[in-house]
Amino acid sequence: MRKKDLAKEVIERLKKEYPDTGCSLEYEEAWKLLVSVRLAAQCTDARVNIVVQDLYEKFPDVDALAEAPVEEIEMIVRPCGLGNSKARDISACMKRLRDEYDGRVPDTMEELLKLPGVGRKSANLVLGDVYGKPAIVTDTHCIRLSNRIGLVDGIKDPKKVEMALWKIVPPEEGNDLCHRFVDHGREICTARTKPFCDKCCLNDICKRRI
């Protein structure tokens, strides 16, 4: 099966399996998604969703967080791990939003990548979820499943996986496909245990199985 055909079949099957997919980080405003995705590095989304409640109670908007001492941010976000670097990035990012964008999160890859602590994964998440633009978020689930299924061949670098997927995944499908990779990766195609291939909706087309 050609990779484009495989991608099409994977998309359709995962749509049926996870029709109500979406970002597992909870947010109401774009800047909050930037904060959460920075905190999510080497931390679970569930923990991030808890920690940010205290952060936003004390610093409820971009201006407040931009003006907050880094030490105070770090004290709150420490349960997410890497507290010092995450706090510094969040502080610098909010200052940039305040000073250069009037508190608005930019809507282009080029501008997003200029923000402190924002890489391609974070930028794509914002572009796809907030602005509805074509996006492919190459998190650990996306990279693992893309290789296992056979959409890419032995590629581990996130940007290279993203570029390879752009060649075979329709632009309008990329964002939701990556969310469904997360759903499927948590429920079936797991990383820390043996994958539940017998329960997998892709088991007859997955490279790991055939």
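Visitor: What should I keep in mind about the numbering and the cut-offs?

Guide: This is a predicted model, in which local features need pLDDT of at least 70 and side-chain atom pairs count only at pLDDT 80 or more, while totals for chains, interfaces and linings use all residues. Residues are numbered from 1 along each chain as its sequence is written, and side-chain values use heavy atoms, with hydrogens and water left out.

Visitor: Why is helix 8 called mostly covered?

Guide: Helices are DSSP runs of H or I with at least four residues, strands are runs of E with at least two, and both are numbered from the N terminus. Buried means under 20% relative accessible area, exposed means over 50%, and partly exposed lies in between (1.4 Å probe, protein chains only). In helix 8 (residues 120–129), seven of the 10 residues are buried. They are Ser122, Ala123, Asn124, Leu125, Val126, Leu127 and Gly128.

Visitor: What covers the buried residues of helix 8?

Guide: The cover includes helix 2 (30–39), helix 7 (109–112), helix 10 (158–166) and helix 11 (174–187).

Visitor: What makes Thr21 a buried residue?

Guide: Thr21 is found in the loop between helix 1 (3–17) and helix 2. Its relative accessible area is 17%, so Thr21 is buried. Contact means heavy atoms within 4.5 Å. Leaving aside neighbours within four places in sequence, Thr21 is in contact with Asp176, His179, Arg180 and Asp183.

Visitor: How do you know that Thr21 makes a polar contact with Asp183?

Guide: A polar contact is a pair of N or O atoms within 3.5 Å; within protein, one must be able to donate a hydrogen and the other to accept it, and residues adjacent in sequence count only if both atoms are side-chain atoms. The side chains of Thr21 and Asp183 make such a contact at 2.6 Å. A polar atom of the Thr21 side chain also lies 3.5 Å from the backbone oxygen of His179.

Visitor: Why is the pair of Glu173 and Lys15 called a salt bridge?

Guide: A salt bridge is a side-chain nitrogen of Lys or Arg within 4 Å of a carboxyl oxygen of Asp or Glu. Glu173 and Lys15 meet at 2.9 Å, N to O. Glu173 is buried at 15%, whereas Lys15 is partly exposed at 28%.

Visitor: What makes Arg186 and Asp45 a salt bridge?

Guide: Their side chains meet at 3.3 Å, N to O. Arg186 is in helix 11 and Asp45 in helix 3 (residues 45–58), 141 residues apart. At 45% Arg186 counts as partly exposed, while Asp45 counts as buried at 17%.

Visitor: How many salt bridges does the rule give?

Guide: The count comes to 15. Glu9, Arg13 and Asp204 are linked in a network of salt bridges.
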